[in-house]
Amino acid sequence: VWTLAADGQGGLYAGGAFTSAGGQPAAHIARWDGDSWSSLGSGTDGNVYAMAVATDGTLYAAGDFANAGGVAAGMVARWSGTDWAPLGDGVEGMAVSALTLDGHGNLYAAGAFTHAGGAPAANVARWDGRDWHPLAAGTSDFVNALAFDPGRRELMVGGFFNYAGSIDSRFFAVWRAGSTPSAAPDPRPDA
């Protein structure tokens, strides 16, 4: 199991590199209702590394999969409770390792990818419900953590990069809504 997400209704989603949950077939993703496990359709054809649940209960899952529920998904998909759906053309690259929502209908995805929705996007992108958008010039390398602060309208990004856009920003950067990234103090204890 690589990731967990509460569904807000007493259930828990688990995603990872497994093929069964509670003795039942479950391809890389399953839901625990407090008593038993259930699959989410036919699941995904690759690992699930990140999940996020919207306030309406919609589950977003991402990883290194090409298909979710038998539908081409490009490493990120939406589960409605009954069916899987892609988010446009998804992303292209190695994997999506982090997801977060901003509470305003935007989903942020990050990982090791070069394109989102067919357009260049260096490791981090935003899905607005219809289209993918790159975040400035992205990062110079892999991103593995995201968090959104709704009060400050800031997206925090962490990973193995040295640059966010053209800013020297080792391992951590902050995007403020409508702006370019800014550097943050180096989080390494020896820095």
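1. Contact here means heavy atoms within 4.5 Å. By that criterion, A21 touches A26, A30 and W37, leaving aside residues up to four places away in sequence. Note that this is a predicted model.

2. A21 lies in strand 3, which spans residues 20-21. Is A21 buried or exposed? A21 has a relative accessibility of 8%. The cut-off for buried is under 20%, so A21 counts as buried. H104 sits 83 residues from A21 along the chain, and their C-alpha atoms are 33 Å apart.

3. Now the largest nonpolar core. This core has 19 residues. Those touching the most other members are V76, L87, V91, V96, L99, L107 and W132. At least two core residues come from each of strand 7 (48-53), strand 8 (59-63), strand 13 (91-101), strand 14 (107-116) and strand 16 (124-127). Strand 14 gives the largest share, four residues.

4. V96 deserves a separate entry. Residues up to four places away in sequence are not counted. V96 touches Y49, A62, G63, M75, V91, A109, A110, G111 and F113.

5. Four strands run in the order 7-8-11-12, and their pairing is antiparallel. Which strands form the edges? Strand 7 and strand 12 (84-86) do, each pairing on one side only. On average, neighbouring strands of this sheet are turned by 30 degrees against each other, direction ignored.

6. One pairing in detail. Strand 11 (residues 76-79) pairs with strand 12 in the antiparallel sense, over three bridges. Within this part of the model, A77 stands opposite P86 of strand 12.

Terms used
Residues numbered from 1 in each chain as written. Predicted model: local features only at pLDDT ≥ 70, side-chain atom pairs only at ≥ 80, totals over all residues. Heavy atoms only, no water. Core = buried A, V, L, I, M, F, W, Y, C linked by side-chain atoms within 4.5 Å. Buried < 20%, exposed > 50% of the residue type's maximum accessible area, 1.4 Å probe, protein only. Pairing = 2+ DSSP bridges. Axes fitted to C-alpha atoms, helices over the stretch in contact; angles between N-to-C directions.
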